[in-house]
Amino acid sequence: MSTPVTIRRTRPAHRRRARRGVTDADVVVVGAGIAGLAATAELVEAGRTVVLVDQQGGLGGQALWSSGGLFMIDTPEQRRMGIRDSTELAWQDWLGTAGFDRGVQDPEGQDFWAAQWARAFVEFASGELRAWLRAQGVRWFPLVYWHERGAQLAGGQGNSVPRLHITRGTGPGLLAPLERRVRAAVERGTVRLRLGHRVDELVVTAGAVTGVRGTIRPPDCAGTDGAVPYQRAAVSVPCAEASSEAFEISAQAVIVTSGGVGGDQALVRANWPPRLGPPPRRMLAGVPGHVDGRMLAISERAGARLVNSDRMWHLPEGIRDGHPIWAGHGTRILAGPSALWLDACGHRLPAPNFPGVDTLTTLRAIAESGHDHSWFVLTRKIAERELALAGAAQNPDLTGRDPLAMVKRLMPRMTPPLRAFLSLGADSVVAPTLPKLVEGMNDLVGQPLIRLDDLKRQIELRDREIGKRFAKDAQLTAIRDARRYLGNRLIFTAAPHRILDPGAGPLIAVRLTVLTRETLGGLQTDLSGRVLRPDGEVLPGLYAAGEAAGFGGGGMHGYRALEGGFLGGCLFSGHRTGRAVAHAT
């Protein structure tokens, strides 16, 4: 049994409770994902004692599964690729994308603190983020990716320049230094891990949050280790939940870093906004079922203000995972700008609904189509250069820090996971001719939704534009613009060619299903991470960071996000909130 942590005697009486069976510390952090690890690392560095609680059985949360992409500004990686960036340009892009409109100037408005967190994050991403991580040994691959490119006016949605930096080692590589710091603190006795502990209630004493109460979950409910080859994972599994063993932890402060609601499709549908069209009847789960929003509701019952619940970030490019870990497990298929994006009936989606341009606009177009799926149609040549699967498990070369990973990806070739996905055929069709492709697409969905003559006509119209000096097809214009960036020419954008060119085949179709992911709203916090009440006053003792806080302030991304701001937002809000709590306790 570990040695009890001693509470300093100068604290108020209600913060010095130490009953038998209760573990006390300076701070309780609820959620062992990347935001919780960042907060914990800062707390122990400042000499505070921490109990780190998570209902699952391991560290890392959703970041374990990620590609480790970070939104960073004016970096050496960008400059080496000829990219000119600045804080001012990034802030222009952020504002145009977020669309803050809920009381930005009103201290009681939902966007008041969100906009301030956004500005603080953009400044952090302009220098300190990279320097802070680099000092801990984190490195990035040399190519900078350009996602959420946008297709509006200069002040509208999207990244004006490439900003997505992929971490060497992907998500696990980004987590590694934080986990090392936390586990070293466990060895010193300043951090206690309470994994498999589900919080059911925040303890409120005299109007202040003074701890947590919950249930210790049976081992078969708390997740498993070794579920993926590159890193242990903690994932919800079916269980009886028969345990009734309770726990209570008292502390001077509680930090909620428990994530959003993406794993609970009922909550996703309940909060789905009409502006995104009707919610799909069928969706894939991009996060495990334990990302259930429990702590948001628990915090709200304790007096916290929850804002911007109708803002969310779900992906239209979901496919079924070939090796599912959780129920309905889906992953994202990434595509460069060349694949034709069709609705379920085989009609090209109108501009700007091209791959990698505007996620939520395309999501709305698909939702309004009356069907739950859409299609990518492309050639082998496009797939070899532009198609990839997102996530750590789907990119073993990058996750394993293969020193030749980027060199290998310069070659026009499919990665082994992509080749395995296409051969599986659960969400893909590969055919030598268009008639065979259409036949396979209709067979896959069990309905003759796509007409061969209609699809052939659309492709021929597009192909007729190839080779012309002047053309009006907006997607071909976007492809040519994308290829002006060296990084795209090298690795992520194929040279324009005719879809029906036999030499570019075979033809490939990928069925896409909406994939639930991030919650953009959350607990409203000030710039110190202190959770606010509905009246705008601070709820003493309660803090929040990461997705639970809308990545900062209750929604620092606004209505839309720029790629790389999720992991970056978790790191920033956890880092900043941990420092603030250390100063206050």
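A residue counts as buried when its relative accessible area is under 20%, as exposed when it is over 50%, and as partly exposed in between. E42 has a relative accessibility of 5%, so E42 is buried. The model described here is predicted.

**Salt bridges**

Side chains of opposite charge can pair when their charged atoms come close. This structure holds 35 salt bridges. One of them pairs E42 with R579, with 3.2 Å between the closest N and O atoms. E42 sits in helix α1 (residues 34-45) and R579 in helix α18 (residues 565-584), so the bridge ties together parts that are 537 residues apart in sequence. R579 has 45% relative accessibility and therefore counts as partly exposed.

R163 and D85 form another salt bridge, at 2.8 Å from N to O. R163 belongs to the loop between β4 and β5, and D85 to the loop between α2 (76-80) and α3, so this pair links parts that are 78 residues apart in sequence. Both residues, R163 and D85, are buried.

D453 and R451 also meet through their side chains, at 3.0 Å from N to O. D453 is partly exposed, with a relative accessible area of 46%. R451 reaches 55% relative accessibility, so R451 counts as exposed. Salt bridges with shared partners join E42, E45, R181 and R579 into one network.

| Residue | Partner | N to O distance |
|---|---|---|
| E42 | R579 | 3.2 Å |
| R163 | D85 | 2.8 Å |
| D453 | R451 | 3.0 Å |

**Surface patches**

Which residues form a negative surface patch? They are D106, E108, D535 and E537. D106 lies in the loop between α3 (87-98) and α4 (112-125). With 39% relative accessibility, D106 is partly exposed.

A nonpolar surface patch consists of L404, V407 and M411. Together they have about 270 Å² of accessible area. L404 is placed in the loop between α11 (396-399) and α12 (405-409). Its relative accessibility is 48%, so L404 counts as partly exposed.

**Backbone geometry**

Most residues other than glycine have a negative phi, and most peptide bonds are trans.

E148 is buried, at 1% relative accessibility. A206 is not a glycine either, and has a positive phi of about 55°. A206 is found in the loop between β7 (197-205) and β8 (208-216). Is A206 buried or exposed? A206 is exposed, at 78% relative accessible area.

The peptide bond between A351 and P352 is cis, with omega about 10°. P352 lies in the loop between β14 (340-343) and α9 (359-367). P506 is in the loop between α17 (486-492) and β18 (507-519).

**Cysteines and a helix position**

How many disulfides does the structure hold? The number is 0. C345 is partly exposed, at 23% relative accessible area. C570 is buried, at 11% relative accessibility.

E123 has its place in helix α4. E123 is partly exposed, with a relative accessible area of 44%. E123 and L43 stand 80 residues apart in sequence. In space, their C-alpha atoms are 23 Å apart.

Definitions and conventions. Residues numbered from 1 in each chain as written. Predicted model: local features only at pLDDT ≥ 70, side-chain atom pairs only at ≥ 80, totals over all residues. Heavy atoms only, no water. Patch = residues over 30% accessible without salt bridge, like charges linked within 9 Å, V, L, I, M, F, W, Y side chains within 5 Å. Areas by Shrake-Rupley, 256 points an atom, 1.4 Å probe, with all protein chains shown as cover. Salt bridge = Lys/Arg side-chain N within 4 Å of Asp/Glu carboxyl O. Lys, Arg positive; Asp, Glu negative; His and termini not counted. Charge placed at Lys NZ, Arg CZ, Asp CG, Glu CD. Helix = DSSP H or I, 4+ residues; strand = E, 2+ residues; numbered from the N terminus. Buried < 20%, exposed > 50% of the residue type's maximum accessible area, 1.4 Å probe, protein only. Disulfide = S-S within 2.5 Å.
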